[in-house]
Amino acid sequence: MAIQTLIVHDHNIETAKKVALDINGELEARKSHFRVHTKSNFEIENLRSYHSVDLNIFDQGFDYNNIKLMVSDMDSTLISIETIDEVARQVDLSNEVSLITEEAMQGQLDFSESFKKRVSILKGVSTESFNEVYKNKMELNPGASELFKFLKSIKIKTALVSGGINFFAEKVTDVLGIDTYRANDVEIKNEALTGNVLGAIVDAKAKANYIEELCNYYRLSPKQVIAIGDGANDLEMMKVAGLSVAYHGKPILKKSCNIHINFGGLDSLIDFFDKS
Ligand SMILES: [Mg+2]
């Protein structure tokens, strides 16, 4: 049996020791985390269910240093809210809209249909509600700033892709210094939503296509891409990317991702690039 390496995304040595003991492994301290090297066979899912800490396999056969692009979802991944739900809450249409969002994220409703439905419910809502949500409700998820700062420092390109609306995608792109983004265009007349969507909707397939488009542009292989997301709408892009990350992800998405972050922040991903 070859040696396998497990990343324990935690500073606490007691936690790491417990994991090491469980798989009869050798503990190695890194700058921001621990690694456990073992010849024992283990089931990562079992291990994850026993320990309340993020555990991921560090694949010795994968060239992490060859990653050149990170593509991330926005709502509930880079930021803590579902932006359209928050806009709806702002104008007391919360019940109607959240229900549709949740169904779509669980994979029970076609995304494009659900998006159109939600935008049509928001017909007449003023763009001022977007500003209110941005100013008062939008918060970056833990570790987002640190992650993007780090990626910039090692010259990895970044992109945001969202099934939400351009208004928020543009703001988050600005705040995090992301290189490029794609999201949905909603029609606005007289500073209010008309209820119509403009152009093609960014659904699961479009997210995957966007990765391919960026790979063409930057002359990369999809294997050099990390994709991060949390919902069913991120499933297709996970199949394309070399590394797929479920960030506090829905069960349906986790099944298709090789990296799971269930406890920590987005900066946990920095651990994969640690050369110390
Ligand atoms: Mg999301």
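Colleague: What makes β6 and β7 a pair of strands?
Modeller: Two strands count as paired if DSSP finds at least two bridges between them. In this predicted model, strand β6 (residues 157-165) and strand β7 (residues 180-189) are joined by 4 bridges and run parallel, so they meet that cut-off. One place to look is V161, which stands opposite R182 in β7.

Colleague: Why is the unit of β6, helix α8 and β7 called right-handed?
Modeller: Point the strands away from you and follow the path from the first strand over the helix to the second: a clockwise path is called right-handed. β6, α8 (residues 166-176) and β7 form a right-handed β-α-β unit, so in that view the path over α8 runs clockwise.

Colleague: Which way does β8 run against β7, parallel or antiparallel?
Modeller: Antiparallel, with 4 bridges joining β7 to β8. D185 has L198 of β8 opposite it. The hairpin of β7 and β8 has 2 residues between the strands, and N190 takes a positive phi near 50° there.

Colleague: Which strands pair with β9?
Modeller: Strand β5 (residues 69-72) runs parallel to β9 and is joined to it by 4 bridges; V71 has A227 as its bridge partner in β9. Strand β10 (residues 243-247) also pairs with β9 in the parallel sense, over 4 bridges, and there G229 stands opposite A246. Helix α10 (residues 235-240) makes a right-handed β-α-β unit with β9 and β10.

Colleague: What makes β2 and β4 the edges of their sheet?
Modeller: The sheet is open, has 4 strands in the order β2-β3-β1-β4, and pairs them antiparallel. β2 (26-29) and β4 (55-58) each have a single partner strand, so one side of each is left without a neighbour in the sheet. From one strand to the next, the twist averages 30°. For β4, strand β1 (residues 4-8) pairs with it in the antiparallel sense over 4 bridges, with I7 opposite N56.

Colleague: Zooming out, how do you know that the radius of gyration agrees with a compact globule?
Modeller: For 276 residues a compact globule would have a radius near 19 Å, and the protein chain has 20 Å, so the two agree. The C-alpha trace spans about 65 × 40 × 30 Å along its principal axes. Of the 276 residues, 43% count as buried. Among contacts with a separation of 6 or more, 59% come from residues 24 or more positions apart.

Colleague: And how many helices and strands does the protein chain have?
Modeller: The secondary structure comes to 11 helices and 11 strands.

Notes:
Residues are numbered from 1 along each chain as its sequence is written. This is a predicted model: local features need pLDDT of at least 70, side-chain atom pairs count only at pLDDT 80 or more; totals for chains, interfaces and linings use all residues. The radius of gyration is taken over C-alpha atoms; the globule rule is 2.2 Å times the number of residues to the power 0.38. A residue is buried if 20 or more other C-beta atoms lie within 10 Å of its own, exposed if 12 or fewer, and partly exposed in between; C-beta atoms are placed from the backbone. Two residues are in contact if their C-beta atoms, placed from the backbone, lie within 7 Å. Axes are lines fitted to C-alpha atoms, for helices over the stretch in contact, and angles run from 0 to 180 degrees between N-to-C directions.
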